[in-house]
Amino acid sequence: MISFDVDEKLAQQLERVRTLGREFLRPLGIEADRKGEAIPADHPFFETAWRLGIGRLGPEEDEEERPRSGERTAARRGVVLGEELAYWDRGAAVALPGPGLGAPPIRRMGTPEQRERFFAPFRDPSRPRWGAFAMTEPGAGSDVAAIRTLARKEGDAWVLDGAKTFISNAIRAEWIVVWATVDPSAGRAGHRAFVVEKGTPGLEDMRAEHKMGLVAYESASFTLRHCRVPAENLLGGERYYESRAGFKGAMESFNATRPMVAAMAVGIARAAYDAAREFAREHFLLSRPLPRHRRVAEKLARMARKIEAARLLCWRAASLADAERPNQVEASMAKAFAPAIAQEAAGLAVEVMAEAGVRQDHYVEKLYRDVKAMDIVEGTGQIQRIVVARRLLGYPASG
Amino acid sequence: MIDLRLGPEEEMIRETGQAFARERLRPAMREHERRGSVAAEVVRAYRELGFPTMEAPESFGGQGVSLLSKVVLLEEIGWGDAGAAFALEGAGPGLRALVELGERDLCGDLLADPACYLATIVDFAGRIAVREGRLEGRFPFVPASPKGPVVVLLPEGIFLCREGVRVSRVEGCGLGASGASEVSFDGTPAAATCRDPAALVRSVAHARLFVAALLVGVARAATEYAMRYAQERVAFGRPIAHHQGLAFLLTDMATAVDAARLLLWRAAFAPEAELERLSAWALAEAAEAALFVGPNAVQVLGGHGFMKDHPVEKWMRDIRTLAQLAGGRDEAELVAAECEAR
């Protein structure tokens with residue numbers, strides 16, 4: 001049944017995110033951008049956030065994912081809150097503690113023992129923790145089937161050799177879900193997911209990448225050199241992979257996260273719109289009958305309309321996910337559409353402010369740099385179109 | 001809680017509308033276009049389903065059905081033949097204006113005669129002037145039956161003209177089934193007038209959503225047809241849909257149609273305070289999406305697309321024509337910009 005309203009619980013969560021965003025995420029994001037350094041892991045804000053339960057898994061965490069009774073709402077809450085977090089600062093939001101993108105594969109593929117063991121640190125209130133997810137390699141981005149990090153079984157352990165890059169929060173992570181292959185010629189069938197814990201010998205050369213935007217969180221690259229991982233850290237256990245489920249597990253977690261990343265693009269676009277609109281009001285750009293100022297109003301209107309259209313695509317993908325209906329096409333449509341309009345909106349916001357728009361002391365300048373990543377992470381716009389084309393056009397898997 | 005899936009009532013209306021579009025409109029599409037009118041039995045069948053005034057208040061023969069249900073239905077009708085929609089509906093985009101004017105009897109009269117339907121003019125560009133309750137000016141194009149009354153939506157208010165209007169037949173780019181007319185006013189008296197600004201906003205919004213829903217329907221039809229064709233047509237050893245240049249274009253077309261539909265639903269659900277802006281967005285987005293889809297659907301079919309053997313050339317013309325109605329894309333974008341400046 002069509003509805004565009006948030007329920008009471010979500011309204012309260014939104015209010016909390018707004019407070020957090022206004023007081024911490026936005027100022028910390030700007031500060032990190034100016035300094036050119038990520039927010040340090042020992043920043044007092046993270047401790048405060050952790051104490052408040054942000055990123056921390058509660059005892060009811062699994063319940064939220066799949067409630068025993070009543071309507072499942074996790075996906076819709078995810079897109080609404082994701083948009084709001086990114087509105088305040090997407091970089092600072094990704095820096096927040098928690099298992100991050102490592103959570104979905106552990107939740108979907110992990111044995112009960114593994115879920116308990118790897119999620120336990122995230123239930124501990126004493127200090128903030130991070131998790132990470134490592135698929136991308138220097139030579140394998142969109143073509144995830146082409147990963148070359150090698151996994152060999154040696155006695156009661158797996159030995160990993162390879163390199164990963166652009167991995168969010170990896171340096172400070174308790175563990176990293178690392179994707180490797182037991183047979184590079186086998187494509188997806190050879191894929192295995194391992195939980196590599198902090199301090200494992202052979203997890204080396206950890207270094208932070210320098211990014212154009214989204215400076216507030218660290219993206220890291222690292223090397224796995226004869227890195228021995230206990231056999232019990234193979235996610236799901238060996239039997240899990242007998243049915244080619246490995247790659248499917250990773251791809252399913254993308255279906256869950258794509259609408260969320262798309263919603264974050266919507267949040268950045270909305271921040272750009274608000275900044276441009278505020279600038280236009282402060283400078284009386286909307287109240288003077290000059291042709292240039294008419295263009296300003298038109299640009300704001302276009303931004304507002306496209307933001308709403310993108311938001312609705314995210315909400316649709318999430319509605320289907322909560323109803324446990326297939327949403328691959330809708331998730332990828334949202335992820336193809338939203339970052340593109342967010343890029344356009346950030347550009348229009350810069351134009352509304354004319355020369356002032358490219359000054360680093362104006363927020364839209366930062367947004368213009370930040371937003372580009374949204375069309376790249378979690379599958380580029382091109383990959384999303386291939387996913388849609390496979391479903392709607394029978395586009396070949398090798399295409 | 002947020003939910004973008006249709007409820008059972010809207011699904012039922014959608015299915016009935018789809019069946020009507022598939023069985024009654026599509027097969028007769030070229031015939032209706034050639035004749036410049038819709039067969040009387042098709043009009044009667046549509047009206048017997050109770051569709052034309054279903055979103056009006058009960059005193060106007062309505063069934064209190066939501067505006068959302070109406071736009072869901074109109075998308076299906078647009079998918080079948082957008083040109084036929086005006087003749088089928090009777091009051092069509094002008095229905096809300098008639099409600100605001102309190103014209104109960106006229107609503108009934110329009111439904112009684114399958115050859116009669118209302119001409120709805122939306123003019124915010126100063127082509128029609130009002131002086132002392134009389135209308136002056138010439139409006140170049142409107143899908144209209146030559147014998148129908150005319151409702152005119154102007155910045156000053158809503159005006160209904162029954163007599164003293166010169167309606168002369170013109171040929172249009174698209175929407176052939178409803179025929180097209182130039183409408184001239186020469187000191188024409190208004191038989192009824194409403195100068196309530198809120199009523200005007202509601203009436204214009206209704207007209208915009210009517211056109212936007214048809215645009216979404218035609219754009220969907222063109223996208224589906226191009227997708228099917230591209231999977232059958234082989235070039236360079238594979239279906240053309242499996243060349244990335246076309247695969248990406250087709251997925252962008254499908255996404256644009258879906259985005260436009262969602263904004264349309266949003267606007268059909270709008271509270272009154274947001275109706276002006278959201279209805280303007282809905283029309284602007286639908287027009288932008290459809291104008292992207294129409295010519296590209298022809299392009300996907302190449303030379304075949306240009307020929308009348310395939311429907312995509314008709315849909316491209318229908319889209320171009322629809323996108324000029326109810327103030328068109330420009331007016332919708334201007335209104336949205338004015339909302340920003342408030």
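This is a predicted model: local features need pLDDT of at least 70, side-chain atom pairs count only at pLDDT 80 or more; totals for chains, interfaces and linings use all residues.
Which side chains meet in a salt bridge at 3.0 Å, N to O?

Residues are numbered from 1 along each chain as its sequence is written, chains are lettered from A and ligands numbered from 1 in the order in which they are written, and side-chain values use heavy atoms, with hydrogens and water left out.

**View 1. A:Lys306 and B:Glu288 form a salt bridge.** The two side chains meet at 3.0 Å, N to O. A salt bridge here is a side-chain nitrogen of Lys or Arg within 4 Å of a carboxyl oxygen of Asp or Glu. Between chain A and chain B the count is 11 salt bridges.

**View 2. Chain A puts 47 residues in contact with 43 residues of chain B.** Contact is heavy atoms within 4.5 Å. About 4200 Å² gets buried between the two chains, 64% of it on carbon and sulfur atoms; that's the accessible area (1.4 Å probe) lost on putting the two parts together, summed over both. A:Ile2, A:Arg305 and A:Leu393 supply 19% of what chain A buries against chain B, more than any other three residues.

**View 3. Helix α8 of chain A gives the most to the side touching chain B, with 17 residues.** Helices are DSSP runs (H or I, at least four residues), numbered from the N terminus. By class, that side of chain A has 27 nonpolar, 5 polar and 15 charged residues. Nonpolar covers Ala, Val, Leu, Ile, Met, Phe, Trp, Tyr, Cys and Pro, charged covers Asp, Glu, Lys and Arg, and the others, Gly among them, are polar.

**View 4. A:Arg311 is a buried residue of α8 (residues 291-322) in chain A.** Its relative accessible area is 13%, and buried means under 20% (1.4 Å probe, protein chains only). Leaving aside neighbours within four places in sequence, A:Arg311 is in contact with A:Glu83, A:Val266 and A:Arg270.

**View 5. Helix α11 of chain B (residues 312-322) is largely enclosed by the rest of the structure, because 9 of its 11 residues are buried.** Among them are B:Trp315, B:Arg317 and B:Asp318. The cover over the buried residues of α11(B) includes α4 (67-89), α7 (197-232) and α9 (275-301) of chain B.

Technical notes:
Helices (H or I, at least four residues) and strands (E, at least two) are DSSP runs, numbered from the N terminus. Buried means under 20% relative accessible area, exposed over 50%, partly exposed in between (1.4 Å probe, protein chains only).
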